[in-house]
Every structure is written in structure tokens, then in C-alpha cells.
Amino acid sequence: MSTPALFPIFIPKSITHKLTGMNKLFRPIDIASLVFFRIIFGIFAFVDVLSSYLYYHIDKEAFNPANYQFPYYGFEWVRVFPDPWMTLFLFALMLLAILITFGWYYRISCSLFFLGFTYLFLLEKANYLNHAYLFCWISFVMIFLPANRAASMDVRQARVPYQAIIPYWPLFLLQFLMGVVYFFGGIAKINFDWLRAMPLQLWLPSKSGTPLIGGLLDEPMVAYFMAYGGVLFDLTIVPLLLFRQTRGLAFGLALFFHLTNALIFSIGIFPYLSLALTALFFAPDFPRKLLRPIGQKWPRLGLKAWVVSPIIPTHPSFEQKLIVRLSILCLVLIHVFLPLRHHLFPTPVAWTEEGHRYAWRMMLRSKAGSGVFVVEDLTTDTQIKVDPRDYLSYKQERKMYTHPDMILQFAHFLQREYEAKGQQVAIYADIQVKLNDHPRQRFVDPTVDLTTIKWKFFQSADWILPAEF
């Protein structure tokens with residue numbers, strides 16, 4: 001009996017029929033787009049790690065083991081390396097990015113970069129950025145993509161064979177990740193505040209010094225144009241990219257959208273990474289078509305791989321196809337349901353932050369807070385007020401006031417600090433928060449002893465006070 005016939009014994013026929021019907025994932029396409037993205041990804045990876053080294057490590061000393069770091073729940077064991085090891089680690093991560101760019105020991109380099117970049121991401125919750133979270137996922141996915149089968153040192157040094165044609169699924173994964181960002185980014189904008197151009201009405205006037213367009217940003221209608229234009233762009237860009245007739249228009253809109261955001265806001269490499277991923281919706285051979293005239297005119301540049309006719313590879317086996325389909329299905333389910341988890345909570349996510357991270361809720365609210373922590377010695381019944389600035393950086397303090405999970409973590413940190421001195425304490429937080437243009441109000445219940453509270457991922461925290469607007 002052949003191997004494929006064994007699968008119906010373990011997998012229902014209805015499932016195998018649906019999986020085997022996903023033939024489009026294995027249609028042959030040009031590798032050029034995947035190689036293009038490998039090079040762009042490696043360059044962006046180098047720039048992002050270099051920025052982390054210069055800004056967080058050198059300027060802000062955020063990776064100092066003597067300082068407190070806000071860990072992600074479940075990853076409290078992740079710790080900062082003491083120098084010089086942290087510096088050496090960051091330089092090694094930059095080196096790995098260079099190796100990925102050139103496709104040199106690509107799979108090993110990608111695997112190590114994914115582990116290193118994810119470690120860097122997990123070190124400090126206050127530094128959470130959507131593009132960093134996306135970069136972790138792309139780094140993971142890139143490990144399994146044959147992005148080094150052309151225009152790479154691995155091909156040049158015969159570690160892997162040259163392959164001009166690949167199945168569609170590697171490109172689909174990258175397109176899907178970008179599509180998820182666009183779609184859920186658009187869905188998140190359909191809320192009361194955003195549709196009345198909040199917080200753009202608060203942000204844009206302060207950006208009036210922006211080159212080229214600064215004079216327009218004081219106009220109230222510009223905030224409404226950007227608010228409603230952002231919703232329409234996010235929700236329509238993927239459908240427009242999927243059709244050849246509208247693809248050029250869609251990419252033009254993406255250029256305008258992302259470059260405008262890059263001009264007005266300080267959001268790092270995210271706009272440029274988004275444009276690179278958006279370009280993957282063009283025909284897979286578009287980089288080859290762009291470089292072919294150059295390779296023909298100047299053959300010494302070594303662009304032969306982008307000039308020769310494609311070679312059709314052998315077809316993958318049934319088992320390989322099944323593994324790919326099941327893996328893609330798992331990835332799709334994660335990225336469809338994770339951004340929806342804030343609907344499990346009855347409270348508004350913009351206020352409580354429950355379910356905010358990993359949901360592509362990007363630049364949707366202006367939120368600021370202030371307050372103190374009250375430490376009560378249970379033995380002497382004495383109380384002292386603790387200013388978080390005595391322990392936290394400016395960025396950590398600013399983020400902590402508006403994120404209940406970080407408020408709880410800081411309270412538990414203070415508990416450990418005082419218990420190390422032999423004191424049994426209760427800790428309370430008196431914090432005021434302002435969301436967009438709504439009145440400032442108390443954020444958490446000041447009568448709740450936070451040392452008795454544990455954070456729950458899928459249960460609303462009753463010690464977060466409801467929004468009164």
C-alpha cells in the first residue's frame with residue numbers, strides 16, 4: 001500500500017479533501033520576489049538592530065541589568081545580558097542580518113536571528129512596537145522559505161542548488177502577514193473616537209513644523225481626511241492589490257499612505273517594511289524584469305541569475321504538501337483569532353488595554369497618566385508614597401501609567417523590594433489617566449491591594465475602573 005493511502009486512516013476524508021484542494025499554494029512562480037524580500041528584510045533587520053543598539057542600549061541604557069525591565073507574562077525568565085555581552089550580542093545580531101542579506105548560511109543565520117531578535121523583543125514590554133512584533137513573525141517564517149536559492153552566497157558556494165521556480169506558498173505567507181496588518185488595522189479604526197478624528201486632531205497641530213506638508217496639518221479637515229482615508233485604505237488595499245487591473249493604483253496609494261506617515265510620525269522602519277511587503281503582491285518576476293536590462297548590459301555585475309530562463313523543479317510529495325498546508329492553517333488561525341481576543345472582554349480596549357497588544361491597533365489613541373503607589377507596612381500600619389520615577393525610566397513610567405498589566409507588575413516588583421528588607425506590605429495605586437480629549441479620571445481602584453491580584457489573560461480585571469464617558 002502506498003504512503004498517501006495511509007492518511008485517511010488518521011485524518012477525516014473531509015479534511016484531506018479540503019487540504020488537497022489548496023492546489024494554488026503549490027503553483028510554480030518565479031523566485032525573484034522572494035529573493036528581493038530576503039535582501040530588503042536583511043537590510044531592515046540590520047538597521048533596526050543598529051537603532052536599538054544606539055538608542056536603547058547606548059543612549060537610554062535600557063538594557064542595563066541593574067535597571068528594572070517590564071517582562072512579558074510567561075517570559076519573566078528572559079533577562080538582560082551584562083555588558084560587554086549585551087553589546088557583543090547586538091553586534092552578532094547585526095552580523096546575522098548581513099548574512100541573511102547575502103544569503104550566506106541562510107537557514108542557520110535566519111534561525112539564530114529569529115531567536116536573537118525575539119529575545120530582544122521580549123526584554124522590555126515598554127518598548128513594544130507593532131513592527132517589532134511583525135518582525136518576530138517574519139523572522140520565524142523566513143527560516144522555512146527557500147529565499148537563498150538564487151542570488152545568494154549559498155548558491156555561489158554550492159551549499160544549495162540554484163532554483164528559479166518555487167511554489168507559491170512562501171510568497172503567500174508574506175502576503176498574508178501584510179494583509180492581516182492592513183485588515184485588522186482598518187477594523188480597529190472603526191470606533192467612535194477615530195471617526196471623529198481623535199486623536200489626530202490632537203496630534204497634527206503639533207506637527208506643523210513637518211517639511212512639505214506642515215502648513216496643512218493645522219487644518220481640522222486634514223485630521224478628518226486622514227482618519228477616514230486611513231479606514232478606507234486599510235480595508236480596501238488588499239482587495240485592490242489582488243487584481244492586476246488595480247494593483248498599480250493600490251501601490252501608489254500605499255506609497256502615499258506610508259510615506260506620509262513616515263514624514264509626520266516617528267514610527268521607525270514600519271512604513272518601509274510595509275511597502276516592501278506590499279510590493280510582493282505584484283507579479284513574482286517583477287524584480288527580474290527590473291534587473292534584466294542591467295544584467296544584459298553589464299554582465300560583469302553577476303546578475304546572471306536574474307537573466308536566465310527559469311528551470312522547472314520537481315513536484316513536492318503528498319506528505320510535504322500536507323505538512324505545508326497544516327502549518328499554513330495553524331499560522332492563519334493564530335493571526336485571525338489573536339487580534340480578535342479583545343472581544344472576550346466586556347470593557348473598551350482603548351481604556352483597559354486588555355487585548356490591545358498583537359491586535360494591530362496602531363496609533364489609535366492618545367493616552368497619558370500620572371500617579372503614585374502607596375506602600376502600607378502591615379506590621380506597623382504606616383504608609384509611604386512611592387514615586388515610580390525613582391525606579392523607572394521616563395518611557396517605562398509613561399507606558400506603565402496607562403497599562404494595567406504593567407501597573408500590576410510594578411506593584412509586585414515593589415512588594416519583592418520591601419519583602420527583601422523583611423517587611424510585609426500591601427500596595428495600592430492611585431493613578432489618573434486621560435484618553436484622547438475625554439476628561440481625566442481615576443484608572444484603577446485605589447482601595448485594592450495589588451499584591452493580592454494575579455493577571456489573567458482571558459478574564460477582565462475588576463480592579464480597573466470603568467471609563468466614565
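Let's start at Y119, which counts as buried because its relative accessibility is 14%; buried means under 20% relative accessible area, exposed over 50%, and partly exposed in between, using a 1.4 Å probe and protein chains only. Before going further, please note that this is a predicted model, in which local features need pLDDT of at least 70 and side-chain atom pairs count only at pLDDT 80 or more, while totals for chains, interfaces and linings use all residues. Residues are numbered from 1 along each chain as its sequence is written, and side-chain values use heavy atoms, with hydrogens and water left out.

Now to the aromatic rings. A pair of aromatic rings is described by the distance of the centres and the angle of the planes. Here, rings of Phe, Tyr and Trp (its six-membered ring) pair if their centres lie within 6.5 Å; planes under 30 degrees apart count as stacked, over 60 as edge-to-face and the rest as tilted. The count by this rule is 41 aromatic pairs. In one of them, Y73 and F457 have ring centres 6.1 Å apart and planes at 90°, so this pair is edge-to-face. Y73 lies in the loop between α3 and α4 (85-102), and F457 in the segment after β6 (441-442), so the pair ties together parts that are 384 residues apart in sequence. Helices (H or I, at least four residues) and strands (E, at least two) are DSSP runs, numbered from the N terminus.

F81 counts as partly exposed because its relative accessibility is 33%. Elsewhere, one aromatic cluster is formed by Y68, F70, F373, Y391, F410 and F413.

Rings can also meet charges. A charge sits over a ring if NZ of Lys or CZ of Arg is within 6 Å of the ring centre and within 35 degrees of the ring normal. The charged end of R27 sits over the ring of Y168, 4.5 Å from its centre, and that of K189 sits over the ring of W194, 5.6 Å from the centre.

Y168 leads us on to Q175. Leaving aside neighbours within four places in sequence, Q175 is in contact (heavy atoms within 4.5 Å) with Y168, L280 and F281. Q175 is placed in helix α8 (residues 169-189) and is buried, with a relative accessible area of 9%.
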